[in-house]
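I opened my notebook for a first look at a new structure. Come along and check each entry against the picture.

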Amino acid sequence: MSRAAAPIRTAIAEAVRQAASASGLGEYTSEDVLCALEVPREEKHGDLSCHIALRASKERKCAPRPLADKLSAAVAPMIAAGGALYGRVARTSVEGAGFLNFYYSEAEIVSVLAQVRAAGDAYGRPSLQSRRVLLEYVSANPTGPLTVAHGRQAALGDSLARILRHCGHRVTTEYYNNDEGVQITTLGHSLQYRLRQITGPAPEEPMPENYYQGEYLIDIARQLSQERPKATFEECRVYARDLIMTGIRKDLADFDVTFDSYYSQEELGRSGRVERTLEELRKRGVVYESEGATWLRSTDYGDDKDRVLIKSDGNYTYLTPDIAYHHHKFERGFEEIVNILGPDHHGYIARLKASQAALGHDATRIRVLIAQLVTLYEGDRQVRMSTRAGEFVTLRQVMDEVGRDAGRFFFLMRKFDAHLDFDLQLAKSQSMDNPVFYIQYAHARIESVTANYAERTGRRAPSGPVDASLLKHPLELRLLRVIGQFEDALAGAERTLEPYRLVPYLTELAQAFHRSYAENRVVTDDAALTEARMELCLCTQAVLRLGLGLLGLSAPSKM
RNA sequence: GUGCCCGUAGCUCAACUGGAUAGAGCAUCUGACUACGGAUCAGAAGGUUAGAGGUUCAACUCCUCUCGGGCACGCCA
């Protein structure tokens with residue numbers, strides 16, 4: 001194959017696009033065709049399958065099979081001698097309702113080793129237009145420690161950032177810090193109450209129900225009492241807020257989650273942006289006064305109710321600065337705005353999008369991912385949580401309990417819009433019940449093969465190109481195929497913004513390795529075969545490391 | 001009452017957004033190294049996709065209704 005050949009998936013997509021046009025099937029973009037390519041569930045259906053004829057048949061209401069035949073005929077010259085896919089695709093076939101299946105040549109399958117080597121850390125990067133993405137996530141109010149729900153959002157957002165970056169997008173990650181407002185005021189009162197309990201005279205009233213009840217405030221009060229026993233309310237407010245925020249950032253850092261930017265609501269208020277945004281909305285005629293309040297006519301933009309911007313007491317609602325904040329996201333030039341929110345915010349999406357549409361922005365550029373709740377189990381016992389009651393499980397506790405890798409893996413292993421049952425016992429068990437170890441074990445195992453190889457040869461890798469055609473065993477070919485499917489798994493994760501798609505892929509890759517390993521001894525007296533198998537191991541390891549890295553997991557050499 | 005998410009093997013979940021014979025892991029049962037890590041590998045069994053209709057070449061997927069679970073529906077944040 002040629003040196004600068006495009007990845008096979010891209011090459012096939014381009015061939016299909018041209019064939020579709022030539023055969024009168026229709027004009028499609030590369031993106032359209034890429035979406036119609038899939039790795040078939042069953043190997044007998046080929047290495048890559050295209051169902052674009054099925055889609056075309058739907059559009060023009062005719063039988064799909066003849067369309068697939070026409071497409072196949074148009075593709076035929078491309079796999080014949082001199083065609084773009086010559087030597088890479090051995091054959092195609094039309095099957096089922098109208099699938100066009102591609103069967104790779106053995107040379108192509110084997111060439112993934114060279115492709116992994118050549119691409120290095122960029123392996124699997126799809127050919128996409130790079131976008132400027134603002135990814136906002138966690139954004140927990142600094143009124144208490146992060147919970148497991150935040151942990152899930154943190155793992156999801158961080159992994160998503162890694163995936164989008166790997167795909168060539170320019171990503172800025174941001175944490176919106178609600179560092180002022182009603183909840184922070186309540187936090188200040190709560191701390192002051194706790195402080196008085198320590199320094200006296202103790203308050204006679206019981207602690208109001210809406211105060212934050214958690215024990216962490218008692219600890220903070222104890223600390224403050226050493227420094228400033230007579231702290232004013234304002235001092236309490238700032239002290240609690242800042243100390244909690246410091247703790248949040250520490251938790252995130254220990255979870256290996258960092259943000260490019262922390263965006264302060266307080267600073268947003270000082271900047272005058274909120275007023276300017278309101279002015280802009282007024283100028284656009286989407287604001288009106290009623291019942292002493294100021295309203296946004298959000299129903300004109302798809303919301304089911306108009307929303308209050310300024311309450312009759314003169315204060316802004318929560319929405320108002322948030323509108324200004326998102327306006328500022330657009331003003332900073334981001335082409336795609338991704339927000340990860342908890343399930344309690346789903347009703348908020350429509351009004352947020354409406355507000356941005358009202359400002360003249362393209363609301364379809366906003367993608368909101370709702371991360372569903374986490375239910376925590378300790379074996380059979382369910383652990384309930386509630387921030388106010390102070391009876392909750394923190395991200396910190398989960399990290400301490402099960403470790404960072406297992407924690408992140410469990411948060412990511414399910415798709416984010418489904419509830420997650422997180423079994424602490426399972427996550428911390430270092431047994432074969434635990435899927436994260438299965439994947440990491442494959443990586444570590446290869447490391448020890450490498451050590452064996454190094455002992456024999458004095459090198460950790462083949463010194464030059466290997467003869468990959470020596471890899472003939474069905475399980476080896478299977479492993480090579482799975483390595484080549486990384487591209488497909490990554491593209492799926494990028495398109496849907498679902499990191500969990502990498503989990504079954506990596507499990508499959510690890511499995512393909514373990515199976516091949518069980519049948520084929522790597523280091524033998526056959527020098528050429530040993531080199532080829534060693535290269536296969538090293539490429540497998542490279543993709544495992546890459547995939548684990550995209551999930552934010554370590555790739556250990558020993559376990 | 002209204003909206004959103006969900007209901008798939010004994011358990012936890014997939015099924016590439018409408019595609020091919022609904023797949024994995026665990027649990028259960030049966031097997032496998034005198035060699036590179038047994039945290040591994042091979043095999044068996046397990047299903048009327050909650051239920052009932054509908055749409056079409058094709059439905060776990062879309063529409064309607066019913067049942068069951070979760071989360072939201074403020075001039076709260």
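How many Å separate the centres of domain 1 and domain 2? I looked this up first, keeping in mind that the model is predicted. The centres, taken over C-alpha atoms, are 67 Å apart. I noted the bounds too: chain A is divided into domain 1 (8-104), domain 2 (182-241) and domain 3 (435-550).

**Overall picture.** I put a box around the C-alpha atoms of chain A, along the principal axes, and got roughly 85 × 60 × 40 Å. Chain A holds 22 helices and 15 strands. Of its 559 residues, 43% are buried. I also checked contacts with a separation of 6 or more, and 73% of them join residues 24 or more positions apart.

**Helix 15.** Next I turned to helix 15, which covers residues 395-402, and found Leu395, Val398 and Val402 buried. Down the helix axis, the buried residues fall within an arc of 60°, so they line one face of helix 15. What do the buried residues of helix 15 pack against? I found helix 7 (148-166), helix 10 (233-254), helix 16 (404-412) and helix 17 (424-428).

I then traced an open sheet with the strand order 8-9-10 and antiparallel pairing. Its edge strands are strand 8 (287-290) and strand 10 (307-310), each pairing on one side only. From one strand to the next, the twist averages 45°. Strand 8 and strand 9 (293-296) are joined by four bridges. I spotted Tyr288 standing opposite Trp295 in strand 9.

I kept a reminder here: most residues other than glycine have a negative phi, and most peptide bonds are trans. Which residues did I note as exceptions? Ser139 has a positive phi near 45°, and Glu291 has one near 50°. Ser139 sits in the loop between strand 5 (132-136) and helix 7, while Glu291 sits in the loop between strand 8 and strand 9. Is Ser139 buried or exposed? Ser139 is buried, because 21 other C-beta atoms lie within 10 Å and 20 or more are enough to count. Glu291 counts as exposed, with 7 C-beta neighbours inside 10 Å.

My last entry is a cis peptide bond, from Gly200 to Pro201, with omega near -5°. Pro201 lies in the loop between helix 8 (182-199) and helix 9 (216-227).

How values were computed. Residues numbered from 1 in each chain as written. Chains lettered and ligands numbered in written order. Predicted model: local features only at pLDDT ≥ 70, side-chain atom pairs only at ≥ 80, totals over all residues. Buried ≥ 20, exposed ≤ 12 C-beta atoms within 10 Å, placed from the backbone. Helix = DSSP H or I, 4+ residues; strand = E, 2+ residues; numbered from the N terminus. Arc of directions from axis to C-beta. Contact = placed C-beta atoms within 7 Å. Domains from an automatic or database assignment. Pairing = 2+ DSSP bridges. Axes fitted to C-alpha atoms, helices over the stretch in contact; angles between N-to-C directions.
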